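Me: Hey, can we go through this one together? I'll paste it in here.

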Amino acid sequence: QEIICFKETDSTNSQARALADGGAGEGSLVLAESQTLGRGRKGRTWFSPKGEGLFISMILRPLMSPMDSSRLTLLAAVALAEAIMDSTGLEIKIKWPNDLLCNGRKVAGILTELSTDMDAVNHVIIGLGLNVNTPRKSFPMDLRKKASSLLVESEQPHSRCKITQLFLERFENHYNTLVDHGFPKLLSRWKTMSDSIGQKVRVEMIDKTLTGTIQDVDSNGFLILEDKNGVRHSILSGDVIP
Ligand code: BTN
């Protein structure tokens, strides 16, 4: 198990992948004060200014099928939401699949990357980015409407160290529960923290866009959307737009 902290790096997910390819064990961590090429989902960039956020990537080597590993993203979202709520008192909602919102604006995102070998999981990298002490004026204009930080929402700074510590504790607990008792408990916890269910939305996917009402998140972490004709769609990955 290794823990590496960078003042600056390209992307903690990229560094963690290199570390995992070199054989680093489960629970190894890469942290950075800032990233020059922070990556978001779908090829987007992740705004990663110095000293104001948390940029953490974790290496896991779970004995599960690639299909089941999307559960780990939901797990990380629950653990991070709990860590933020416990250390700041702010109310956090999870937006499927892995955005953390505070007062309707995004404060954190999670990027899970899988490496598979003959249909088995070789390693999983869970990367999280959380805007902690980012002042509103630091955000690029195009992000100001949608994104926020814990500082902006609570009007006070917060300890990145404390949030990290709580997150790791929560993550480890939930991970052990997942391994020992399966997914149902975690999924119901995720549902109580999510504001997705019942919402009328548009879901943009790589090849198409669907509109409808979110019915549920199923036992694989897929979004269940019912369109106006009553047809149910099960969606693995997409952008949900209210
Ligand atoms: C998203 O698009 O919402 C996911 C953003 C994930 C960003 C984090 S920051 C730490 C880790 N390293 C990266 O390059 N990305 C993730």
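Me: By class, what residues does the shell around the ligand have?
Reply: The shell has six nonpolar, 10 polar and four charged residues. Here Ala, Val, Leu, Ile, Met, Phe, Trp, Tyr, Cys and Pro are nonpolar, Asp, Glu, Lys and Arg are charged, and the others, Gly among them, are polar. Bear in mind that this is a predicted model, where local features need pLDDT of at least 70, side-chain atom pairs count only at pLDDT 80 or more, and totals for chains, interfaces and linings use all residues. Residues are numbered from 1 along each chain as its sequence is written, and side-chain values use heavy atoms, with hydrogens and water left out.

Me: Which element gives the most to that shell?
Reply: That's β6, with four residues. Strands are DSSP runs of E, at least two residues, and helices are runs of H or I, at least four, numbered from the N terminus.

Me: Switching topic, where is S138?
Reply: S138 is in the loop between β7 and α3 (150-154).

Me: How far is S138 from E113?
Reply: Their C-alpha atoms are separated by 28 Å, and the two are 25 residues apart along the chain.
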